[in-house]
There are 2 protein chains.
Amino acid sequence: MAFVTAAISVSADGYAAGINLSADKPFGDGPVDQLHRWMFETPDENKEIIDELVGADAFIMGRNMFGPIRGEWDLSWEGWWGPEPPYHKPVYVLTHHARADLAMAGGTTFHFVTGGIHDALDQARAATGDGTIAIAGGAATLNQFLAAGLVDQLTLTVTAVTLGAGQRLFEGVPSLRLEQIKVRPVSLATHITYRVVR
Amino acid sequence: MAFVTAAISVSADGYAAGINLSADKPFGDGPVDQLHRWMFETPDENKEIIDELVGADAFIMGRNMFGPIRGEWDLSWEGWWGPEPPYHKPVYVLTHHARADLAMAGGTTFHFVTGGIHDALDQARAATGDGTIAIAGGAATLNQFLAAGLVDQLTLTVTAVTLGAGQRLFEGVPSLRLEQIKVRPVSLATHITYRVVR
């Protein structure tokens, strides 16, 4: 049975992004650069967790994490990551708009899934067997998986800022019993890994 | 100039208490016992932070933290803590209803302040000089102090549960720039201390 993980950076008040997301500002307005400073400014110190982030056997993401486009696809958009995305594995993108598979350099293939979270998970499981499937974000997508009880392990990267408004992790998610299994404090954040107790 | 601190246990989704607080259930409904298991089940491991919690020179708390009573005072209520509260110092209780000072065994004196958060802080400063003033909670009171820019240092104790609803820390608080200055992971929680950047 595949193991479902997620890791997400949040502000100390629980937001994974600000408001008014756009192509120019994928994380929206406000001091949202604080959410990922740990990754960009101190990568050496965070090598283990960055390796984990991109080390799954398959990935599932929401459409907003794949791109800023709403409605019908602009087929020239191939994700935020350039010609060689860091995933190197199948990535299932949740969308209401069908699109042909998109194979990128380095082994990443984007599959566009119109059947919702269970459909995406079924496809990822079929591709990975007993492997690890990472819910790559954003918050709205992860919240759907958490609310449906489909996540086995969750890493919150708590960062040194509050946003006051934005895309809130756990919005609409009923109470979860967690077990704290690993804490990794680094200079600019604290990575807390929980097992979700069923 | 007095140094203003606060420390509060929150769920991983940012609630400091559940809903429906009452005399029988000071933290309300839901798995709220998870918020303070670290304190009650593993006190040895948390001695340093517990000492910090009660080690200030004066304390400010909201009325709900002092007791479950709303409206006019029932003078037989002397707080949740029994005859010798753990503060041993002046405690300023925010309330809309005047009440005479209440001196308890062990040096705790409750002062009832009707003039709001600035009045309480002025009184605490007058009593402590350059000492440390702790905003003891609950979330609604701490949110008022955070929103007014009056907190110098904040310790979040992030616990292994989500509540899905309740009294949310940072509700109504605008974006804050923080500096992570100390992280103390323990078995049942992670204590993260921030300096609030002005």
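Predicted model: local features only at pLDDT ≥ 70, side-chain atom pairs only at ≥ 80, totals over all residues.
Close-up 1. B:Phe3 stands opposite another β7(B) residue, B:Thr132. In total, 4 bridges join β1 (residues 3–11) to β7 (residues 132–137) of chain B. The two strands run parallel. Helix α5 (residues 139–147) of chain B packs on the sheet here, touching β1, β3, β4, β7 and β11 of chain B. Its direction makes about 135° with that of β7(B).

**Close-up 2. Strand β7 of chain B also pairs with β3(B).** Here too 4 bridges link the strands, and β3(B) and β7(B) run parallel. One bridge pair is B:Ile60 with B:Ile135 of β7(B). How much of β7(B) is buried? The strand is mostly covered, with 5 of its 6 residues buried. Helix α4 (residues 116–128) of chain B lies across β3 (58–62), β4 (90–94), β6 (109–113) and β7 of chain B. The helix runs at about 170° to β4(B).

**Close-up 3. Ten strands from two chains build an open sheet.** The sheet has 10 strands, and its pairing is mixed. The order is β9(A)-β11(B)-β12(B)-β8(B)-β1(B)-β7(B)-β3(B)-β4(B)-β6(B)-β5(B). Which strands lie at the edges? They are β9 (161–162) of chain A and β5 (102–103) of chain B, each pairing on one side only.

**Close-up 4. Strand β3 of chain A is enclosed.** All 5 of the 5 residues in β3 (residues 58–62) of chain A are buried, so the strand is largely enclosed by the rest of the structure. Both of its faces are covered. A:Ala58, A:Ile60 and A:Gly62 are on one side, with A:Phe59 and A:Met61 on the other. On the β7 side, 4 bridges join β3(A) to β7 (residues 132–137) of chain A, and the strands run parallel. A:Ala58 is the bridge partner of A:Ile133 in β7(A). Another 4 bridges join β3(A) to β4 (residues 90–94) of chain A, again parallel. There, A:Met61 stands opposite A:Val93.

**Close-up 5. The largest nonpolar core has 111 residues.** Which residues have the most contacts inside this core? They are A:Phe59, A:Ile60, B:Phe59 and B:Ile60. Beyond its neighbours within four places in sequence, B:Phe59 is in contact with B:Tyr87, B:Lys89, B:Val91, B:Tyr92, B:Ala134 and B:Ala136. In soluble globular proteins, nonpolar side chains tend to be buried together.

**Close-up 6. Chains A and B meet.** On each side of the contact there are 27 residues, 27 of chain B and 27 of chain A. On chain B, β8 (153–159), β9 (161–162), β11 (176–186) and β12 (189–196) each supply at least two residues of the side that touches chain A. The largest share, 7 residues, comes from β11(B). By class, this side of chain B has 17 nonpolar, 7 polar and 3 charged residues. A:Leu176 stands opposite B:Thr162 in β9(B).

**Close-up 7. A:Gly14 sits in a loop.** The loop lies between β1 (3–11) and β2 (15–17) of chain A. Is A:Gly14 buried or exposed? A:Gly14 is buried, because 27 other C-beta atoms lie within 10 Å. Beyond its neighbours within four places in sequence, A:Gly14 is in contact with A:Arg168, A:Leu169, A:Phe170, B:Asp13 and B:Gly14. A:Gly14 and A:Arg168 are 154 residues apart in sequence, and their C-alpha atoms are 5.8 Å apart in space.

Methods
Residues numbered from 1 in each chain as written. Chains lettered and ligands numbered in written order. Contact = placed C-beta atoms within 7 Å. Nonpolar A, V, L, I, M, F, W, Y, C, P; charged D, E, K, R; others polar. Pairing = 2+ DSSP bridges. Buried ≥ 20, exposed ≤ 12 C-beta atoms within 10 Å, placed from the backbone. Axes fitted to C-alpha atoms, helices over the stretch in contact; angles between N-to-C directions. Core = buried A, V, L, I, M, F, W, Y, C linked by C-beta atoms within 7 Å.
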